[in-house]
Amino acid sequence: MTDRRETLATNLRAVRERVAKACAAADRAPSSVTLVAVTKTHPASDVRRLAELGVTDVGENRDQEASGKARACGDLDLAWHFVGQLQTNKCRSVASYAHVVHSVDRVRLATTLGREARRAGRVLRCLVQVDLGQGGGDADTPSGSDGAGADRAGADPADVHRVADTIADADGLVLGGVMAMAPLGEEPGPAFQHLAAVAADLRARHPRATDVSAGMTGDFEAAIGCGATHVRVGTALLGHRGGDVG
Ligand SMILES: *Cc1c(COP(=O)(O)O)cnc(C)c1O
């Protein structure tokens with residue numbers, strides 16, 4: 001098990017270096033970027049090791065897995081980020097352990113999350129997930145095995161204000177900002193620039209909604225170059241998912 005700890009320590013160091021380099025290139029302070037370690041499919045023991053190594057923010061994309069791990073790691077002082085597609089019937093559970101929900105993409109979801117947060121006596125920071133579309137045409141995305149980019153998700157950019165206003169008006173919710181994934185198989189820069197514009201537009205209306213969650217293992221440098229404040233990194237930290245687990 002010390003081997004696993006070594007692997008995670010090495011990976012974490014490498015990711016932090018990549019973040020620092022991207023920040024330097026963008027003339028930004030490394031402290032302006034929060035690293036969210038996406039631990040989906042990896043065991044709670046890995047979450048614990050990462051916490052020991054200084055990771056403070058953990059991301060998950062499925063409620064069942066996330067709720068179990070959050071419980072198993074309840075003694076750790078971690079912020080849990082829910083980053084996956086969310087059904088309204090999972091809101092009660094997610095509201096019981098999540099601190100940040102990155103994937104709020106419709107009014108009804110915001111309304112339900114607000115109700116469940118109040119019921120649980122908790123406050124959830126919510127980001128509006130934006131669908132940046134496929135520059136090349138339609139949404140013919142291959143279905144992934146683990147949910148990353150598997151389905152079309154996110155609000156149409158034209159609907160972002162409606163979802164954001166619902167979050168901002170809901171007791172129990174705090175509007176954090178926006179989240180997006182770059183379209184698969186495309187140069188991510190233009191998509192992240194589009195997101196930066198959506199984020200600026202949102203800040204004009206909600207000045208405290210400063211979070212921009214963008215960038216994963218393959219593209220977080222580009223996202224940092226476009227102003228990402230939260231990068232969601234799985235593979236580079238924990239290894240490949242689905243059997244071949246580092
Ligand atoms: C899995 C996942 C990530 C992390 O992806 P990696 O490419 O493994 O870094 C980030 N965001 C979301 C929404 C995910 O589902």
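This briefing covers the ligand site and the salt bridges of the structure above.

The model is predicted: local features need pLDDT of at least 70, side-chain atom pairs count only at pLDDT 80 or more, and totals for chains, interfaces and linings use all residues. Residues are numbered from 1 along each chain as its sequence is written, and side-chain values use heavy atoms, with hydrogens and water left out. The structure holds 11 salt bridges.

**Ligand shell**

- Lysine 40 places a polar side-chain atom 2.7 Å from a ligand oxygen.
- For arginine 232, a side-chain N or O atom is 2.9 Å from a nitrogen atom of the ligand.
- Threonine 235 has a polar side-chain atom 2.6 Å from an oxygen atom of the ligand.
- On its own, the ligand has 390 Å² of accessible area, and the protein covers 95% of that. Areas come from the Shrake-Rupley method with a 1.4 Å probe; for residues, only the protein chains shown count as cover.

**Salt bridges**

- A salt bridge puts a side-chain nitrogen of Lys or Arg within 4 Å of a carboxyl oxygen of Asp or Glu.
- Arginine 5 and glutamate 52 form one at 3.5 Å, N to O. Arginine 5 sits in helix H1 (residues 2-25) and glutamate 52 in helix H2 (residues 44-52), so the pair ties together parts 47 residues apart in sequence. Helices are DSSP runs (H or I, at least four residues), numbered from the N terminus.
- Aspartate 46 and arginine 49 meet at 2.9 Å, N to O. Both are buried (under 20% relative accessible area; exposed is over 50%, partly exposed in between; 1.4 Å probe, protein chains only).
- Arginine 205 and aspartate 165 meet at 2.4 Å, N to O. Arginine 205 is in helix H7 (residues 188-205) and aspartate 165 in helix H6 (residues 160-169), 40 residues apart.
- Shared partners join Arg4, Asp46 and Arg49 into one salt-bridge network.

Conventions
Polar contact = N/O pair within 3.5 Å; in protein donor to acceptor, adjacent residues only side chain to side chain. Helix = DSSP H or I, 4+ residues; strand = E, 2+ residues; numbered from the N terminus.
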